Amino acid sequence: MGDYLQESSFINGIYKTLFEHNPDACYAFNTEGKFIIINDAACQLTGYSKEELLQLSFPTLLNEDRVEKGQLKFQELLNGKRDSFEISIVKKSGENIDLHITTLPLYIDERIIGVTGIAQDITHKNIVQLELAISRNQLKNIFESIEVCFCSSLPSSKANSFILPVCEKIYGYSEKEFEKNPSLWMEVIHPEDLKTIHEINHQLVEGKSIQREYRIIDVQGVVKWVLSSIIPVINHFGETIRYDGVIIDISHHRELEEKLRFMAYHDTLTKLPNRRKFFTLLGDSIQEAIETNKKLAVLFIDLDHFKLINDTLGHRIGDELLQIIAKRIINCLGKNDIVSRQSGDEFTVLLKDIQNSTELENVAKKLHHIITMPVHLMNNDYTLTASIGISVFPEHSEFPEDLLKDAEHAMYLAKSNGKNAYLFYQSGMSENLTRTMELAQSLLRALRLNEFSLNYQPIINSKANNIVGLEALLRWKHSKIGFISPVEFIPIAENLGIIIPIGEWILRTACTHGKQLHANGYDNMYISVNVSAKQFEEKNFVPKLINILNETNFNSHYLKIEITESTVMKDLEDLATKLRQLEDLGIDVLLDDFGTGYSSLSYLRKLPISTLKIDRSFIQDIHIDADQEAIIRTIVTMAKSLRIGVIAEGVELENQMSFLQDIDCFDIQGFLYSKPIPFETLNELLQNWNVPS
């Protein structure tokens, strides 16, 4: 009996320890699901007292949507199953809590009389886990969206632990493949970059952070640029416990950098080196030539009249032509020679290791030939010409800027000598171009400084010995240099484009002078004004002329416009429209320097040209060259048949005038009668010649 009591006391102690004093909720149900025993922890968990719980069955504590599932579990337990699961219940306060249940059937004499179990409150744990999961997903989304590969490794390990799908996207290898082959992350580094990587890795061992850009070769064999930043993680003992790093694919950025670098030093149209790049290459080549005692040459190429191509055919055709010419130049040269597009229609060529001038001249001839070969575009053939200037190292200069400038100066002189040629640089060329530049700058100020004036040369009817008209001729008196020949400054003004405002000044001044002459009684005398091709080509040339006539109140019937044959040949349709507009205004148009250009009868028949002016080059050969005399006769005869007037320019001798009178050419202009004189002295000439009507 004593042993029994001792055993009973022992079992009771175990019961109290495992059940009543258990910090987790302990319970037992009968086969109907009603609580038959509970501990204090169960009361604290549910908020019910023991008395209240003993009156309840477990479904009472479940949410409605969980009752059916709970009853199924209960039946499984009554059938002898043991189980652990999670379930939510409703406390007496109405609060929902999450429980982890460990439960098993309750046996007495091998008969199931109910269910017993232990319940743990895991509500807080679930909340924390949920928050962690949300945070983890947010971080994952962020990291994946910025496409950054995170990696980590131990100092004792050569392997990197890649933790994001982005890593696989960059390398093409999975995390498992990197784990299987710890050296793989080094094997994928581009062979040319391995040395640099090994050189800077020792900084990590010293506890320093490193950042490096290098190339990798991914699983597909594609070369990529990556930026790697590695930070050593050090514990409180100063020991490196691991290395954390990020790897970013910067291939796109490197491509952009390369494109920007290319654009900075290359021409976007032809992909050739630009002026800046050429200058650098020229400097390097000169240094190399000095060290190897070799010669080199610079060729400066300018396409003649290329602006006309752009203006008439459009920039698209112009660009295609430039690309074709660039390819031709490249194909014409050696592999070590350099071709550059300087700007617009200008190219430069650097020839290395030139043996002699004959070799250089042959290259220049070859370039000139291939440039002038017809280009077939849009079912048409276009022929370009080029002016080429050549300078040689070390004969002309040992400095890149001077060598390039000398070649450019030679090119400009080739262009001014008639274009479509090549020319070697010679001393003195720079001085000529320096004067040209000075005149160009002065021309830009000449109008503002009132340095221009008009002289007038009489046009005489030799039969009646009367002055019938006056040609207005531009003169420029530079404030420092003095008078400058129009032959020198007019081409500069045309190249600068300021011939248009100068031409408007000439028209306005000539009309003002004409008005004064008519006021003085010479009201049958016309004024003839030369108009440049650029000015005549302006769309609003005629409206501007009408405004000038209105401003000066000059009778348009006494104004004559002189144009050259080159103007006629540019755009016949536009020319015809403007000539008819001038004809409607009562303004006659004279064709100047006739015989020196195209001299086509077809446009003389079609266009309202009132008078031909025979160029002075023909007149000077009268009684010297019979062929020239025959040409003059033909021009006069042709003009008569077309009912067009004729004026002979440059008549200086009596025998020249006699010849002209014999072929019925009576309107004459030249030094035989008068040189061009200032407007201020014109009145005296007219008084001594003509009596005012």
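Modeller: UniProt positions are given here in the numbering used for this chain, and such annotations may be inferred rather than shown by experiment. With that said, an unreviewed UniProt entry places the feature "domain: PAC" at residues 83-134 and 210-262. The model itself is predicted.

The part to look at is residues 83-134. Over this span the chain is 23% helix and 62% strand, and its end C-alpha atoms are 29 Å apart. For residues 210-262, the other span in the record, the content is 23% helix and 57% strand, with the end C-alpha atoms 29 Å apart.

Now the strands. Strand β4 covers residues 96-108, and strand β5 covers residues 111-121. The two run antiparallel and are joined by ten bridges. At one place in this pairing, I108 stands opposite R111 of β5. The hairpin formed by β4 and β5 has two residues between the strands. In that hairpin D109 takes a positive phi, near 55 degrees.

Strand β5 also pairs with β1, which covers residues 25-30. This pairing is antiparallel too, over six bridges. Within it, N30 has G114 of β5 as its bridge partner. As a general point, side chains in a regular strand alternate between the two faces of the sheet.

D345 sits in the loop between β12 (338-343) and β13 (346-352). D345 is buried but has no salt bridge. A salt bridge here requires a side-chain nitrogen of Lys or Arg within 4 Å of a carboxyl oxygen, whereas K415, the nearest side chain of opposite charge to D345, is 6.0 Å away. Leaving out residues up to four places away in sequence, D345 touches I301, D302, L303, F306 and L322.

V375 belongs to strand β14, residues 375-377. Its relative accessible area is 2%, so V375 counts as buried. With residues up to four places away again not counted, V375 touches L321, I324, R328, N380, D381 and Y382. By contrast, the C-alpha atom of V375 is separated by 40 Å from that of E583, 208 residues apart along the chain.

Apart from neighbours within four places in sequence, S674 is in contact with Q457, P458 and L685.

Notes:
Residues numbered from 1 in each chain as written. Predicted model: local features only at pLDDT ≥ 70, side-chain atom pairs only at ≥ 80, totals over all residues. Heavy atoms only, no water. Pairing = 2+ DSSP bridges. Helix = DSSP H or I, 4+ residues; strand = E, 2+ residues; numbered from the N terminus. Buried < 20%, exposed > 50% of the residue type's maximum accessible area, 1.4 Å probe, protein only. Lys, Arg positive; Asp, Glu negative; His and termini not counted. Contact = heavy atoms within 4.5 Å.
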